[in-house]
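Thanks for making time this morning. I would like to walk you through one model, from its overall layout down to a few individual side chains.

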Amino acid sequence: MKNAKLILAATLALTLGACGGNDAPAPEAAKPAPAPQASAPAPAPAPAAGGGEGEKVYKKVCALCHSSGVAGAPIPGNKADWDARIAQGEDVLYKHAIEGFTGEKGMMPPRGGGSNLTDDEVKAGVDYMVGKLK
């Protein structure tokens, strides 16, 4: 029985370690040259309503586990999944996302397996997922 638990734990750890996906940046498509402007440049557009940096981080790293609830990952928009976590406070959410966490409902690898993410990028990903509850 101990061997079965050990094998299960090792398999889960390897699976979650892969949640970070490919850390290589995606190639950008070629962009056409901007048309010359006769007047002053227009103001910068507002950030996309979809979530900006947080949405990018979510799609690149977080969605691999959080979109389907792998290993107890709370699914964005599912209030029941998030209520107890949010009740602990923003600092705890960030800490668990950055440092990793193992609890009753599952585990979170450090930085969601995206070891190259900065603290601010991880926080943006958390904010994006929590924002889906609004």
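Predicted model: local features only at pLDDT ≥ 70, side-chain atom pairs only at ≥ 80, totals over all residues.

Residues are numbered from 1 along each chain as its sequence is written, and side-chain values use heavy atoms, with hydrogens and water left out.

The protein chain has five helices and two strands, and from the N terminus on the order of these elements is α-α-α-α-β-β-α. Helices here are DSSP runs of H or I with at least four residues, strands are runs of E with at least two, and both are numbered from the N terminus. Of the 134 residues of the chain, 24% count as buried, where buried means under 20% relative accessible area, exposed means over 50%, and partly exposed lies in between, with a 1.4 Å probe and protein chains only. If we take contacts, meaning heavy atoms within 4.5 Å, between residues at least 6 apart in sequence, then 62% of them join residues at least 24 apart.

Which residues touch the most other members of the largest nonpolar core? They are Y58, V126 and M129, in a core of 16 residues; by nonpolar core I mean a set of buried Ala, Val, Leu, Ile, Met, Phe, Trp, Tyr and Cys residues joined through side-chain atoms within 4.5 Å. The elements that contribute two or more residues to this core are α2 (52-66), α4 (90-99) and α5 (119-131). As background, nonpolar side chains tend to be buried together in soluble globular proteins.

Setting aside neighbours within four places in sequence, M129 is in contact with Y58, C62, H66, P76, G77 and W82.

That brings us to H66, in helix α2, which is buried with a relative accessible area of 7%. A polar atom of the H66 side chain lies 2.7 Å from the backbone oxygen of P74. Beyond residues up to four places away in sequence, H66 touches Y58, A73, P74, I75, P76, W82, M108 and M129.

V57 is also found in helix α2, and at 4% relative accessibility it counts as buried. Its contacts, again leaving aside neighbours within four places in sequence, are C62, L117, E121 and G125. V57 and K123 are 66 residues apart in sequence, yet 9.5 Å apart in space, C-alpha to C-alpha.

Now to the charged pairs. How many salt bridges does the count come to? The count is four, a salt bridge being a side-chain nitrogen of Lys or Arg within 4 Å of a carboxyl oxygen of Asp or Glu. In one of them E55 pairs with K59, with the closest N and O atoms 3.2 Å apart, and both residues lie in helix α2, four residues apart, about one turn of the helix. E55 is buried at 19% relative accessible area, whereas K59 is exposed at 57%.

In helix α3, D83 and K79 are likewise four residues apart, about one helical turn, and their side chains meet in a salt bridge at 3.2 Å, N to O. D83 counts as partly exposed at 37%, and K79 as exposed at 55%. In helix α4, E99 and K95 are four residues apart, about one turn, and their salt bridge is 3.6 Å, N to O. Here E99 is exposed at 52%, while K95 is partly exposed at 45%.

Finally, the structure holds zero disulfides, a disulfide being a pair of cysteine sulfur atoms within 2.5 Å. For C62, the nearest cysteine sulfur, that of C65, is 9.0 Å away, and C62 itself counts as buried at 15% relative accessibility.

How values were computed. Polar contact = N/O pair within 3.5 Å; in protein donor to acceptor, adjacent residues only side chain to side chain.
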